[in-house]
Amino acid sequence: MLLRFVLMVVIGGLIGWITNKVAIKMLFRPVNPKKILFFTLQGVFPKRKDQMAISLAEIIENELLSSDVLISKILDGENIDEMKADIMDLLVEKIAESVPSMVKMFLGDNIADTIRGYLDKEGDKIFDVLLDKVKEKAFDNIDVKEIVKERIDELDFIEFEKIIFGLMSKELKHIEVIGFFLGGMIGALQYVVTTFI
């Protein structure tokens, strides 16, 4: 009687464990559709890769990483100040080099200081206009949703599976163990029902 109880618990546990293991595997496999009699089998993720790519791209763009957020991070206060200083230095240097020597005679030897003085006064306005143009173009050209979708589409499905298993291996093992315990409990319940009822 005890042997029968132990057998039913162990068999139930093994069935639960194997069922969960197979279910997890079938999320990814088979990658390509396989015809078995009247059924076509394909893993859930490979079968719905396009819809998943679109959904994931929309979630990332809407909730996590919009073009607004990206541009704001790239052009935050510290970066803007550094960029402004670099652009000012470059403008002063290039304008000073391109001023004809005849004009330099009238403006004096320190043409770079004259240009810097003008840019110090008007530079913020010029830079703000440039920044607005850059942001405008960036918003037009950065489509986070499309970028994410393209990257997912390019991803080899075996690599995708390795990434998921790498990230969630403990959780997936946990699901298998839970399957074993649930199966064991069902085996014990089945023993009680068949023996005493």
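Q: Where do K173 and E176 lie, and how many residues apart are they?
A: Helices (DSSP runs of H or I, at least four residues) and strands (runs of E, at least two) are numbered from the N terminus. K173 and E176 both lie in helix α9, three residues apart, which is about one turn of the helix. Helix α9 covers residues 157–196. The model is predicted: local features need pLDDT of at least 70, side-chain atom pairs count only at pLDDT 80 or more, and totals for chains, interfaces and linings use all residues. Residues are numbered from 1 along each chain as its sequence is written, and side-chain values use heavy atoms, with hydrogens and water left out.

Q: In what do the side chains of K173 and E176 meet?
A: A salt bridge is a side-chain nitrogen of Lys or Arg within 4 Å of a carboxyl oxygen of Asp or Glu. The side chains of K173 and E176 meet in such a bridge, at 3.9 Å from N to O. Salt bridges that share partners join K21, K173 and E176 into one network.

Q: How many salt bridges does a search of the whole structure find?
A: The search finds two. One of them pairs K21 with E176, the closest N and O atoms being 3.6 Å apart. This pair links distant parts of the chain, since K21 is in helix α1 (residues 2–28) and E176 in helix α9, 155 residues apart.

Q: Is E176 buried or exposed?
A: Buried means under 20% relative accessible area, exposed over 50%, and partly exposed in between (1.4 Å probe, protein chains only). E176 has a relative accessible area of 8% and is therefore buried. K21, at 34%, counts as partly exposed, and K173, at 48%, is also partly exposed.

Q: Which residues does E176 touch, not counting those up to four places away in sequence?
A: A contact means heavy atoms within 4.5 Å. By this reading E176 touches W17, N20, K21 and I24.

Q: How many helices and strands does the protein have?
A: The protein has nine helices and two strands. From the N terminus on, the elements run α-β-β-α-α-α-α-α-α-α-α. The radius of gyration (taken over C-alpha atoms) is compared with a globule rule of 2.2 Å times the number of residues to the power 0.38. For this protein the radius is 33 Å, well over the 16 Å that the rule gives for 197 residues, so the protein is more spread out than a compact globule. Its C-alpha atoms fill a box of roughly 110 × 35 × 20 Å, taken along the principal axes.
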